[in-house]
Amino acid sequence: MTMDSSTVKLAELLRHPDDLDKIPAMKLEYTRKKAAVDSQLRSGLKEQLEITQSGMNGITDGQRTVQLIKEEMMKIDKLCAEAQNMIRDFPNINLVSQTHRNFSAVETMRQNLESFNDRLARVEALLAADDRDVENMPNLLAVHYELTQLRNIRDDAMEQILRADDSSLQSTLEDYFSKLDETIEWFDEHIGTIALNLINVLINGNNGLVVRLAVIIEAEEKSDKRVKALQEALKDHKEMAARFQSITDGAKQVRGYKEKFLKAIEVHADQQMTETKQAFLEDPAKLDKKLKWYFNDLNAVKQGMVPLMPKKWRIFQTYAKIYHKLMHDFLIGMIDDPDTSSANMLSILNWPEAYYVKMAKLGFRESDLEPHVIDGRAGELVREFRQLIIRFLDQWLDRIFQTEKKDFADRNVDGSNLDADEYGYFRTRNLVDMWRMLREQIDAAANSQRQDVAEGVVDAMILRLKSRQQDWQKMLDDEAAKYHGATAELEGFQPLQDWLVATANDQIACIDDNEEQGRFAYLSSFRQKFEPLVSADYIARADTEIATLRDGYVDLSTHCITTFAQLIFAVDFRTVMPDFFTAKWYTANAMKQMIVTFEEYIGDYKSVLHHSLLDIFIEEMADELLIRYLSSVKNKGAKFKRQDPFKDKLFSDVSTAFEFFSNNNYLSEDVADTIKQKWRVTEQFLSLIEVEKSVVPEVFAGFKMDYWDLQLSWVEAVLRARDDFDRAMLNAVKAKAAQLDVERGYETIMGKVK
């Protein structure tokens with residue numbers, strides 16, 4: 001099991017925090033399974049050790065038997081030597097017998113040499129006749145038999161000359177027999193032609209030719225075994241060689257027809273594999289069709305050749321072994337070739353499963369075919385192909401983001417380097433290209449026809465979409481931070497606001513489905529695109545990630561609007577906010593001026609901001625205004641004197657804000673009510689300012705119970721702004737805070753007032 005699949009399995013088992021309680025039971029279960037596997041391994045190891053020990057005992061017994069045979073042979077040799085001494089006049093009898101045998105051998109050799117050329121001519125005539133009938137070659141067996149006799153004659157004669165140590169006669173005989181070699185080559189060409197085209201001969205129904213070839217190869221195989229056995233015997237017992245010359249009649253050298261036959265099978269398949277490779281390089285699709293000949297050949301051998309060949313050859317298994325090795329070498333060569341295209345690599349990746357299915361139909365289990373057709377490198381190829389797609393994905397995303405950063409940096413142009421969609425909403429220029437590129441890469445993963453590739457690519461895409469949200473937020477935040485200083489330059493400020501609006505619109509475009517009209521946003525279309533390519537288990541896990549992405553788009557969109565509102569206060573209201581709750585506050589109309597500015601912004605952006613964000617836009621401005629307003633108690637010089645009309649002034653400010661929110665045509669009723677409810681916190685703010693000192697702790701307690709995240713530091717600033725502040729008042733509030741048991745809940749507006 002790979003690390004990726006292990007992680008997925010663990011994620012499936014431990015989906016919820018409550019699942020952690022299952023760990024002890026899971027540990028016991030896996031311990032039990034491990035014990036069972038260990039037991040099986042020990043049993044298997046014991047069985048293998050017993051088999052090995054049995055084999056070693058067999059080898060020992062064999063060595064003992066060979067030694068006994070050797071001793072018996074030595075006894076026989078000794079008895080032969082002793083028997084010679086028991087026969088009177090044995091040397092004379094042996095000499096006469098040896099002389100007679102020599103005369104017979106010389107006579108036979110003379111006759112063979114005299115008839116040699118005539119016999120060779122008849123063989124050549126038979127070969128010529130077979131040349132005229134290549135499809136049948138009826139004289140094949142006769143030619144082989146006669147050539148074998150002529151070869152033996154030559155070998156016997158050359159051996160006699162070598163023993164005579166007469167180089168002049170050896171040269172004469174070599175010239176005499178030279179034409180035989182040409183005839184043998186002629187015969188070998190016939191054998192090679194048949195062997196190279198054996199499958200076609202078989203398919204054409206010429207079983208007789210196949211059988212004749214098999215008879216010849218089998219006879220040569222027996223001859224080679226005999227020669228090898230004699231060579232081994234004579235090598236080990238050189239002192240006995242001279243006594244057993246008579247048993248060396250026949251072939252003197254290994255001719256290797258069986259090996260040549262097997263090599264011809266390999267050459268024939270290799271030629272077809274070379275043609276397949278060329279076609280595969282030109283068109284990577286449908287590798288199985290290009291290898292149809294492979295299985296047709298094996299099936300022909302199974303159906304037609306097996307009955308025609310010696311059983312001991314196991315010809316079907318022999319063909320399968322040769323073919324499988326060629327298939328393995330072909331695929332591994334392609335895999336290791338750095339110039340192999342991704343399309344070719346993909347076809348190779350998907351081939352083993354189909355290959356073993358086809359071989360199983362022919363009767364071969366996967367374990368019967370060694371080595372594995374791609375050396376078990378499927379996991380490696382999956383990772384490489386998946387990584388290839390991800391590498392292209394990263395390159396595209398990086399280029400897109402670099403283009404976006406450049407457009408953002410160069411935004412001080414007409415149009416701010418932005419586009420507008422069909423509704424007139426501001427949009428960045430590269431969002432469409434990014435989602436199109438993602439679809440293309442999903443198509444590339446789909447071409448693999450593998451769930452593991454598609455799932456890995458989708459995982460990478462989701463991860464990079466999350467990173468993209470973070471990168472965009474950081475880029476915008478870093479730029480917005482430049483305008484929060486007291487002496488910040490305003491160049492690029494208004495285009496930055498345009499980009500914040502466009503970015504917020506982009507996020508909505510990613511998730512704004514319109515199911516009634518059958519229009520789905522980018523994220524939903526993305527899910528629909530990869531859903532058919534992955535497993536049901538993966539979809540369940542991916543839906544969680546998609547939901548997280550969806551929330552991220554909502555959060556980033558809201559963050560852009562919030563940043564926009566904060567920039568208004570950092571730039572437009574930079575000189576106004578420090579005057580609140582100071583002496584200048586009573587004579588100025590700052591709140592009314594700020595509301596006018598809000599109205600101008602709404603008028604400017606209502607047609608270019610997505611309609612679903614307009615409520616949020618106004619609500620964020622209202623929230624930021626309330627936060628800044630309440631935080632102004634920390635302004636330098638802020639003071640609420642009993643004799644000053646701070647209550648009336650505060651009421652005027654709040655009424656101005658309320659009027660704006662109540663009469664705003666762009667606000668939905670629900671959002672307007674929400675804003676008003678938030679602004680009602682000013683009532684408790686006023687109470688902290690105006691109540692008697694003795695009642696302050698109780699007012700604070702009520703305030704804290706309504707707003708659990710009320711900051712004590714802000715309360716202290718409010719109290720210090722009272723003209724009757726003293727340390728006892730603050731201590732009483734702190735003591736009251738220590739007594740309160742407040743239930744935590746969702747963040748309130750006071751959690752943002754520091």
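A salt bridge is defined here as a side-chain nitrogen of Lys or Arg within 4 Å of a carboxyl oxygen of Asp or Glu; by this rule the count comes to 42 salt bridges. The structure is a predicted model, in which local features need pLDDT of at least 70 and side-chain atom pairs count only at pLDDT 80 or more, while totals for chains, interfaces and linings use all residues. Residues are numbered from 1 along each chain as its sequence is written, and side-chain values use heavy atoms, with hydrogens and water left out.

**Salt bridges between separate elements**

- D394 and R464 form a salt bridge in which the closest N and O atoms are 2.3 Å apart.
- Because D394 lies in helix α15 (residues 378-409) and R464 in helix α17, this pair ties together parts that are 70 residues apart in sequence; helices are DSSP runs of H or I with at least four residues, and strands are runs of E with at least two, numbered from the N terminus.
- D394 is partly exposed, with a relative accessible area of 30%, and R464 is partly exposed at 22%; buried means under 20% relative accessible area, exposed over 50%, and partly exposed in between (1.4 Å probe, protein chains only).
- R411 and E479 also meet through their side chains in a salt bridge, at 2.7 Å from N to O.
- R411 lies in the loop between α15 and β1 (419-420) and E479 in helix α17, so the pair ties together parts that are 68 residues apart in sequence.

- Helix α17, which holds E479, spans residues 451-481.
- Both R411 and E479 are buried, the relative accessible area of E479 being 14%.
- The side chain of E479 is also joined to that of K482 by a polar contact of 3.0 Å; such a contact is a pair of N or O atoms within 3.5 Å, where within protein one must be able to donate a hydrogen and the other to accept it, and residues adjacent in sequence count only if both atoms are side-chain atoms.

**Further salt bridges**

- D368 pairs with R365 in a salt bridge whose closest N and O atoms are 3.3 Å apart.
- In this pair, D368 is partly exposed at 38% relative accessible area, whereas R365 is exposed at 57%.
- A network of salt bridges links D336, R377 and E380.

**Negative surface patch**

- D131, E182, E185 and E189 gather in a patch of negative charge on the surface.
- Patches are made of residues with over 30% relative accessible area and no salt bridge, with like charges joined within 9 Å and nonpolar side chains (Val, Leu, Ile, Met, Phe, Trp, Tyr) within 5 Å.
- Helix α6 (residues 178-196) supplies the largest share of the negative patch, three residues.
- E189 is found in helix α6 and is exposed, with 52% relative accessibility.

**Backbone features in loops**

- The peptide bond from E370 to P371 is cis, with omega near -10°, and P371 lies in the loop between α14 (342-361) and α15.
- The loop between α14 and α15 also contains D375, which has a positive phi of about 60° although it is not a glycine.
- D375 is partly exposed, with a relative accessible area of 37%.
- F581, likewise a residue other than glycine, has a positive phi near 65°.
- F581 lies in the loop between α20 (536-572) and α21 (590-605) and is buried, with a relative accessible area of 0%.

Terms used: Areas by Shrake-Rupley, 256 points an atom, 1.4 Å probe, with all protein chains shown as cover. Lys, Arg positive; Asp, Glu negative; His and termini not counted. Charge placed at Lys NZ, Arg CZ, Asp CG, Glu CD.
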